[in-house]
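Trainee: Could you take me through the place where the ligand sits, slowly and contact by contact? I would like to follow along on the model.

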Amino acid sequence: MDNLLVELRTILEPLVLAELFPRPAPLEVELGCGDASFLVEYARRNPDINFIGVERLLGRIQKLDKKGRRTGLRNTRGVRIESAYFLEYLLPAHSATALHIYFPDPWPKKKHRRHRLIGGHFPGLARRALAERGMVYLRTDDADYFQQMNEVFDAAQEFEKGVTPAALAEITTDFERDFNAQGIPTLRAAYRLIR
Ligand SMILES: C[S@@+](CC[C@H](N)C(=O)[O-])C[C@H]1O[C@@H](n2cnc3c(N)ncnc32)[C@H](O)[C@@H]1O
């Protein structure tokens, strides 16, 4: 089985999705997929969906390849790149039916908050990425970041609040399991693109 990590020929042109997957199918994207334990399990349970995991750290995205191949996944690929750049320049416009963003780095110091992935600019990036009625699923342990996530999406008229299906919520991420084991609950939100 070939390496699941995409070798980018260029970062100046959008990906050609038909070259990445053996079968056309709805596409879901996880940004900052870490060790890919969520993505591999979710993809295993949903063979009729194609998935891309995006992660900037090489050691972590290599785990997507290792675990994905061990699981025999043919519907999952990994891209090592920065998430916002991926959404803006590499993902074909309106191609994803869902974006998953779980436990993004919280940047807790006030002066560092501008580094957060989910800021005022993010709904615009998500709108470009998503197909009609596409979903954004969010999870974090950080109450301040959770408030910011809700504020930016509540203020974006293109989105309405949605719900996270139980079958999705029950698949936990690596960081989520650690936090939950320490008694720190998952804060969860979902938004649907409506216009
Ligand atoms: C706190 S970890 C959470 C990982 C995983 N989602 C989980 O819940 O187990 C955040 C991950 O996002 C990655 N990351 C942070 N900012 C990123 C960015 N702008 N683009 C791509 N990956 C990013 C980090 O390298 C790290 O693996």
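Mentor: Gladly! In this predicted model, the ligand sits in the largest pocket. Around the ligand there are 17 residues, and the closest are Glu55, Arg60, Glu82, Tyr102 and Thr173.

Now look at the nitrogen atoms of the ligand. A polar backbone atom of Tyr102 is 2.7 Å from a ligand nitrogen. Glu82 takes part through its side chain, with a polar atom 2.8 Å from a nitrogen of the ligand. As for cover, the ligand has 590 Å² of accessible area on its own, and the protein covers 92% of that.

Let's go back to Thr173, one of the closest residues to the ligand. Thr173 also caps the N-terminal end of helix 8, which spans residues 174-181. Here a side-chain oxygen of Thr173 lies 3.5 Å from the backbone nitrogen of Phe175. After helix 8 comes Gly183, with a positive phi near 85°.

The structure holds nine aromatic pairs. In one of them, Phe38 and Tyr42, the ring centres are 5.1 Å apart and the planes meet at 25°, so this pair counts as stacked. Both residues belong to helix 2 (residues 37-45), and because they are four residues apart, about one helical turn separates them. An α-helix has 3.6 residues a turn, so residues three or four places apart point the same way.

Definitions and conventions:
Residues are numbered from 1 along each chain as its sequence is written. This is a predicted model: local features need pLDDT of at least 70, side-chain atom pairs count only at pLDDT 80 or more; totals for chains, interfaces and linings use all residues. Side-chain values use heavy atoms; hydrogens and water are left out. A residue is near a molecule or strand if one of its heavy atoms lies within 4 Å of it. A polar contact is a pair of N or O atoms within 3.5 Å; within protein, one must be able to donate a hydrogen and the other to accept it, and residues adjacent in sequence count only if both atoms are side-chain atoms. Accessible areas come from the Shrake-Rupley method with a 1.4 Å probe; for residues, only the protein chains shown count as cover. On a 1 Å grid over the protein atoms alone, a cavity is a set of points where a 1.4 Å probe fits but cannot get out, and a pocket is an open set with protein on both sides within 12 Å along at least five of seven lines; lining residues have an atom within 4 Å of a point. A molecule sits in a cavity or pocket if more than half of its atoms lie within 2 Å of its grid points. Helices (H or I, at least four residues) and strands (E, at least two) are DSSP runs, numbered from the N terminus. Rings of Phe, Tyr and Trp (its six-membered ring) pair if their centres lie within 6.5 Å; planes under 30 degrees apart count as stacked, over 60 as edge-to-face and the rest as tilted.
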